[in-house]
Amino acid sequence: MEQTAAEQKDIRILAIESSCDETAAAVVENGRTVRSNVIYSQIATHTLYGGVVPEIASRAHIEKINQVVAQALSDAGLTLAEIDAIGVTYGPGLVGPLLIGVSAAKAMAFAAEKPLIGVNHIEGHVSANFIANPDLKPPFLCLIVSGGHTNLVMVEDYGKFRILGQTRDDAAGEAFDKVARSVGLGYPGGPKIDKKAREGNPDAISFPRAKVADSPYDFSFSGLKSAVLNYQNHAKMTGEEIPVADLVASFQKAAVEVLVSHTMEAARDFNCKTIAMAGGVAANSALREAMRLACEMAGYTLTYPELGLCTDNAAMIGSAAYYEYCTGRRSGWDLNAVPNLKLGER
């Protein structure tokens with residue numbers, strides 16, 4: 001729901017995102033224009049441990065959140081008094097990091113007497129497409145692929161989602177991370193597999209493409225992950241050298257083919273000719289190219305955010321918060337972190 005012609009006032013949302021290991025703040029105007037977008041990444045710290053350590057992430061958020069918010073306001077050329085509302089991720093995510101962002105947003109909203117809007121992190125990823133493509137409007141089909149989530153949803157309206165398919169086990173990004181760790185590429189796995197796969201032959205090793213019998217749009221990546229691990233174990237037992245580039249290229253191709261085929265099947269079945277992608281795995285170059293070719297052949301329109309808006313950021317939260325603001329939704333001072341928040345839940 002967007003403003004009518006009579007509602008000319010620009011709505012400026014200060015947004016905060018701290019669901020995992022990025023401390024982020026942004027100012028977004030009218031849901032589509034990013035006035036500022038500041039991200040403090042903790043990747044260098046967590047790389048030492050091979051993954052995100054929640055306690056360390058929480059401490060880093062405490063140290064950085066005020067600086068990041070101040071920088072976002074400064075970059076936007078605005079004061080807190082000139083902000084119309086404050087949006088914040090309250091789930092899903094890691095409970096400690098989420099609580100830091102929620103607490104900061106509540107304190108600022110209370111002190112500045114501004115409306116508080118809790119935002120679902122997954123809905124934020126979808127909303128990144130409104131920034132990337134200012135002409136995009138519901139309805140459209142969206143493939144959400146990240147480290148914690150793999151969903152195929154129909155975006156029926158702003159803030160209204162119908163889940164068509166979801167993962168039955170591992171999320172796509174989780175499988176990427178585990179495979180990367182198993183072959184020694186380290187953390188974060190997704191970008192490292194994407195880079196290494198360019199050196200390999202994607203047809204070198206045959207890995208399974210899982211299909212859930214009773215639900216054509218659901219995903220399953222545990223079998224694919226296990227097949228990769230079994231291949232490595234067999235090679236080690238027989239003394240064979242593991243061709244890392246070929247292995248990750250073949251794994252990536254199998255994962256991408258499943259993501260694309262399920263999306264295209266849903267698009268045909270629901271006669272939806274506009275497809276969007278969202279989430280960290282949407283930054284994967286092989287997935288982008290495969291989906292582009294599939295949409296081109298089918299005559300569909302494809303949209304996805306720039307790389308910086310695929311991974312966690314606050315601009316996407318500001319966009320989602322704007323549409324919540326327009327529908328009149330507000331959060332109370334009892335807003336709390338909900339680590340297992342589902343898509344569409346309020």
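Mentor: Let us start with the lining of the second largest cavity, to which β5 (116–120) and α11 each supply at least two residues. Please keep in mind throughout that this is a predicted model.

Trainee: Which element gives the most to the lining of the second largest cavity?

Mentor: The lining consists of Tyr90, Gly118, Val119, Asn120, Glu123, Ala320, Glu324, Glu345 and Arg346. Gly118, Val119 and Asn120 lie within the range 116–120. With three residues, the element that gives the most is β5.

Trainee: How many residues lining the second largest cavity are charged?

Mentor: The cavity itself has a volume of about 40 Å³. Its lining includes Glu123, Glu324, Glu345 and Arg346. Beside three nonpolar and two polar residues, the number of charged ones is four.

Trainee: How many cavities of 30 Å³ or more are there, and what is the volume of the largest cavity?

Mentor: The count of cavities of 30 Å³ or more comes to two.

Trainee: Which element gives the most to the lining of the largest cavity?

Mentor: Two or more residues each come from α4 (121–132), β7 (150–157) and α11 (315–326). The lining includes Glu123, Val126, Ser127 and Phe130, and these numbers fall within the range 121–132. With four residues, the element that gives the most is α4.

Trainee: How is the lining of the largest cavity divided by class?

Mentor: Among the lining residues are Val155, Tyr158, Phe161, Ala320 and Tyr323, together with Asp157, Gly159 and Glu324. By class, the lining has seven nonpolar, two polar and three charged residues.

Trainee: Turning to the pockets, which element supplies the largest share of the lining of the second largest pocket?

Mentor: This pocket has a volume of about 160 Å³. Of its 13 lining residues, the closest to its centre are Pro202, Ala249, Gln252, Lys253 and Ala286. At least two residues each come from α6 (189–197), α8 (244–269) and α9 (285–298). The largest share, five residues, comes from α8.

Trainee: How many of the residues lining the second largest pocket are nonpolar?

Mentor: The lining also holds three polar and four charged residues. The number of nonpolar residues is six.

Trainee: Now to helix packing: are α2 and α3 roughly parallel or roughly perpendicular?

Mentor: The axes of α2 (residues 54–76) and α3 (residues 95–112) come within 8 Å and cross at roughly 25 degrees. Angles under 35 degrees count as roughly parallel. Therefore α2 and α3 are roughly parallel.

Trainee: Which residues of α3 meet α2, and is the crossing left-handed or right-handed?

Mentor: From α2, the contact uses Pro54, Ala57, Ser58, His61, Ile62, Ile65 and Val69; from α3, it uses Gly96, Pro97, Ile100, Gly101, Ala104 and Met108. These contact residues divide into nine nonpolar, four polar and no charged. The crossing of α2 and α3 is right-handed.

Trainee: What is the arrangement of α5 relative to α6, roughly parallel or roughly perpendicular?

Mentor: Helix α5 (residues 172–182) packs against α6 at an angle of about 65 degrees, with the axes 8 Å apart. Angles of 65 to 115 degrees count as roughly perpendicular. Therefore α5 is, relative to α6, roughly perpendicular.

Trainee: In which hand does α5 pass α6?

Mentor: Phe176, Asp177, Val179 and Ala180 in α5 meet Gly189, Gly190 and Ile193 in α6. Their classes are four nonpolar, two polar and one charged. The crossing of α5 with α6 is left-handed.

Notes. Residues numbered from 1 in each chain as written. Predicted model: local features only at pLDDT ≥ 70, side-chain atom pairs only at ≥ 80, totals over all residues. Heavy atoms only, no water. Axes fitted to C-alpha atoms, helices over the stretch in contact; angles between N-to-C directions. Parallel < 35°, antiparallel > 145°, perpendicular 65-115°, else oblique. Left-handed = near helix turned anticlockwise from the far one by under 90°. Contact = heavy atoms within 4.5 Å. Nonpolar A, V, L, I, M, F, W, Y, C, P; charged D, E, K, R; others polar. 1 Å grid on protein atoms, 1.4 Å probe; cavity = no way out; pocket = protein on both sides within 12 Å on 5 of 7 lines; lining within 4 Å. Points joined across faces, edges and corners; volume = space filled by probe spheres on them.
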